[in-house]
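Hi there,

Here is the structure I promised to pass on. Have a look first, and my notes follow below.

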Amino acid sequence: MGMDFNFLMNDVVRQARDEIKAAGYSELTTPEEVDTVLNEKGTTLVMVNSVCGCAGGIARPAAAHAIHYDKRPDRLVTVFAGQDKEATAQARSFFTGYPPSSPSFALIKDGQVQAMVERHEIEGHHPMSVVEHLQTLFDQHCEEV
C-alpha cells in the first residue's frame, strides 16, 4: 500500500500555486503571456516559483510580505519552474546575465531586468532578510503607491 507519487506532487504543486496567487501574484503559464506582461511599461516583479523547501519556507512568504510597502512594482507575476516550462524559459530569456535559478525574483522595468534575487540569496536565509532585499530593490526602481 503506497501513496501515488503523482497524486502527492499534484497536491504540492496546487498548494504552491494557490499560495502565491493568494498573495496577489498572477500566474503566467504561456510564453505569450510572459512576453505581453514583461514587455509592458513600468515595473514587474517576477517570482520564479518551485516546490522546493526554500520556495515554501522562504521565497513565497517573502513574496507575500515584501509588497506591503510604500513603493512596489506595478505588476506582480509568477512562473512555475518545472511545471510551466515554456513560460519559465521565456521569462528567463528576460533575465540576461543571470543563470536559471528557482526560486528567484526578477525585477523588470520596461522589459529589461533591473535586479535579481537568486536562489543562493534565498536558500538558508531568513524570510525577513529576503523581504528587506526586495524592498531595497523597490526603493531603487519602483514608484510610491
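Where do aspartate 18 and arginine 14 both lie, and how many residues apart? Both are in helix H1, four residues apart, which is about one turn of the helix. Please keep in mind that this is a predicted model.

Aspartate 18 pairs with arginine 14, their closest N and O atoms being 3.3 Å apart. Arginine 14 also meets aspartate 11 in a salt bridge, at 2.4 Å from N to O. Those two residues are both in H1 (residues 5-22) as well, three residues apart. Aspartate 11 is partly exposed, at 27% relative accessible area, and so are arginine 14 at 42% and aspartate 18 at 34%. A network of salt bridges links Asp11, Arg14, Arg17, Asp18, Lys21, Glu27 and Asp84.

Another salt bridge joins glutamate 40 and arginine 75, with 3.5 Å between the closest N and O atoms. Glutamate 40 sits in the loop between H2 and strand S2, and arginine 75 in strand S3, so the pair ties together parts that are 35 residues apart in sequence. Glutamate 40 is partly exposed at 31%, whereas arginine 75 is buried at 17%.

Then there is the helix packing. Helices H2 (residues 31-38) and H4 (residues 85-92) pack at about 30°, with their axes 8 Å apart; the two are therefore roughly parallel. In H2, Pro31, Val34, Asp35 and Leu38 meet Glu86, Ala87, Gln90 and Ala91 of H4. By class, this contact has five nonpolar, one polar and two charged residues.

Best wishes

Technical notes:
Residues numbered from 1 in each chain as written. Predicted model: local features only at pLDDT ≥ 70, side-chain atom pairs only at ≥ 80, totals over all residues. Heavy atoms only, no water. Axes fitted to C-alpha atoms, helices over the stretch in contact; angles between N-to-C directions. Parallel < 35°, antiparallel > 145°, perpendicular 65-115°, else oblique. Contact = heavy atoms within 4.5 Å. Nonpolar A, V, L, I, M, F, W, Y, C, P; charged D, E, K, R; others polar. Salt bridge = Lys/Arg side-chain N within 4 Å of Asp/Glu carboxyl O. Buried < 20%, exposed > 50% of the residue type's maximum accessible area, 1.4 Å probe, protein only.
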